[in-house]
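Let's take a friendly walk through this protein, from its overall fold to its aromatic residues. Keep the viewer open as you read.

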Amino acid sequence: MSTLRRGDYHHGDLRRTLIRSGRELLTTGENFSLRAVAKMAGVSPTATYRHFADRKALESAIAGQGYRELHERLAGAAREITGLGDGWKIAVAYASWALENPAIFSLMFTTDCDPCAEERAHAAAEIREFFAQEVGRWIPGSENNDRTVAIWSFMHGITLLHAEGKLSTQRPGEMEERIRGSWETIFPEG
């Protein structure tokens with residue numbers, strides 16, 4: 001665990017330092033509490049309350065940051081997609097990001113973060129909108145929310161199966177091959 005010393009953050013950057021410290025605690029599996037985050041950041045426990053009302057608020061900020069990072073990864077993958085047949089590339093980007101950031105991914109989707117946290121809610125809404133736009137681009141005239149939910153559910157489900165070790169990834173590229181094969185089975189005309 002890398003403990004920051006007082007003065008390691010610049011004035012006005014305490015919020016960012018607390019988020020970074022919180023992420024590190026989550027990633028290493030150490031005790032996650034506002035007190036532990038404050039200790040890692042090198043500030044008093046009461047300093048955290050200037051930026052976060054409670055643990056849930058900090059978790060929401062971390063989850064919001066995770067949604068933004070995931071969105072960036074998905075947007076990068078989307079640049080390589082010309083149609084529905086290439087949609088598996090976004091699924092691979094989704095799964096890859098989740099496997100690289102398992103604690104944050106879990107926080108984003110399984111931990112009860114404050115649903116009223118504006119930052120988190122906005123970032124999650126951007127992900128939903130991204131999927132809706134992509135599905136609309138892949139399937140012209142498709143404004144069907146059910147189709148978007150179905151495609152996102154496939155991506156999320158196959159990601160969880162890999163993350164929980166239910167699907168093997170013994171050799172390089174195996175996850176990508178499986179996702180592509182599954183995608184092509186679902187969308188053979190893609």
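## Helix 1

A helix is expected to span 1.5 Å times one less than its number of residues. Helix 1, residues 14-28, has 15 residues and reaches 21 Å from its first C-alpha to its last, close to the 21 Å expected. Please keep in mind that this is a predicted model.

Which residues of helix 1 are buried? They are Leu 14, Thr 17, Leu 18, Ile 19, Ser 21, Gly 22, Arg 23, Leu 25 and Leu 26. The cover over these buried residues includes helix 2 (34-41), helix 3 (55-78) and helix 5 (102-110). After helix 1 comes Gly 29, with a positive phi near 80 degrees.

## The overall fold

Of its 190 residues, 44% count as buried. Among contacts with a separation of 6 or more, 65% join residues 24 or more positions apart. The protein exposes about 10,200 Å², and carbon and sulfur atoms supply 50% of that area.

## An annotated region

The UniProt record, an unreviewed entry, places the feature "DNA-binding region" at residues 33-52. Over residues 33-52 the chain is 40% helix and 0% strand, with the end C-alpha atoms 12 Å apart.

In soluble globular proteins, nonpolar side chains tend to be buried together. Here, the largest nonpolar core has 56 residues, and those with the most contacts inside it are Leu 74, Ile 90, Phe 131, Trp 138, Met 155 and Trp 183. Two or more residues of this core come from each of helix 1, helix 2, helix 3, helix 4 (88-100), helix 5, helix 6 (118-138), helix 7 (145-163) and helix 8 (174-186).

What does Ile 90 contact, leaving aside its neighbours within four places in sequence? Its partners are Leu 74, Ala 77, Ala 78, Ile 81, Phe 130, Phe 131, Glu 134, Trp 138 and Met 155.

## Helix 6

The 21 residues of helix 6 should span 30 Å at 1.5 Å a residue, and its end C-alpha atoms are 30 Å apart, which agrees. Its buried residues include Ile 127, Phe 130, Phe 131, Glu 134 and Trp 138. The buried residues of helix 6 pack against helix 3, helix 4, helix 5, helix 7 and helix 8.

## Aromatic residues

A pair of aromatic rings is described by the distance of the centres and the angle of the planes. The count comes to nine aromatic pairs. In one of them, the rings of Phe 130 and Phe 131 have centres 5.7 Å apart and planes at 65 degrees; the pair is edge-to-face because planes over 60 degrees apart count that way. Both Phe 130 and Phe 131 are buried. Trp 183 and Phe 187 form a tilted pair, 4.7 Å centre to centre with 50 degrees between the planes. Trp 183 has 0% relative accessibility and counts as buried, and Phe 187 is buried with a relative accessible area of 19%.

One aromatic cluster is formed by Tyr 67, Tyr 94, Phe 105, Phe 109, Phe 130, Phe 131 and Trp 152.

Note on methods. Residues are numbered from 1 along each chain as its sequence is written. This is a predicted model: local features need pLDDT of at least 70, side-chain atom pairs count only at pLDDT 80 or more; totals for chains, interfaces and linings use all residues. Side-chain values use heavy atoms; hydrogens and water are left out. Helices (H or I, at least four residues) and strands (E, at least two) are DSSP runs, numbered from the N terminus. Buried means under 20% relative accessible area, exposed over 50%, partly exposed in between (1.4 Å probe, protein chains only). Contact means heavy atoms within 4.5 Å. UniProt positions are given in the numbering used here, feature names are shortened, and annotations may be inferred rather than shown by experiment. A nonpolar core is a set of buried Ala, Val, Leu, Ile, Met, Phe, Trp, Tyr and Cys residues joined through side-chain atoms within 4.5 Å. Rings of Phe, Tyr and Trp (its six-membered ring) pair if their centres lie within 6.5 Å; planes under 30 degrees apart count as stacked, over 60 as edge-to-face and the rest as tilted. Accessible areas come from the Shrake-Rupley method with a 1.4 Å probe; for residues, only the protein chains shown count as cover.
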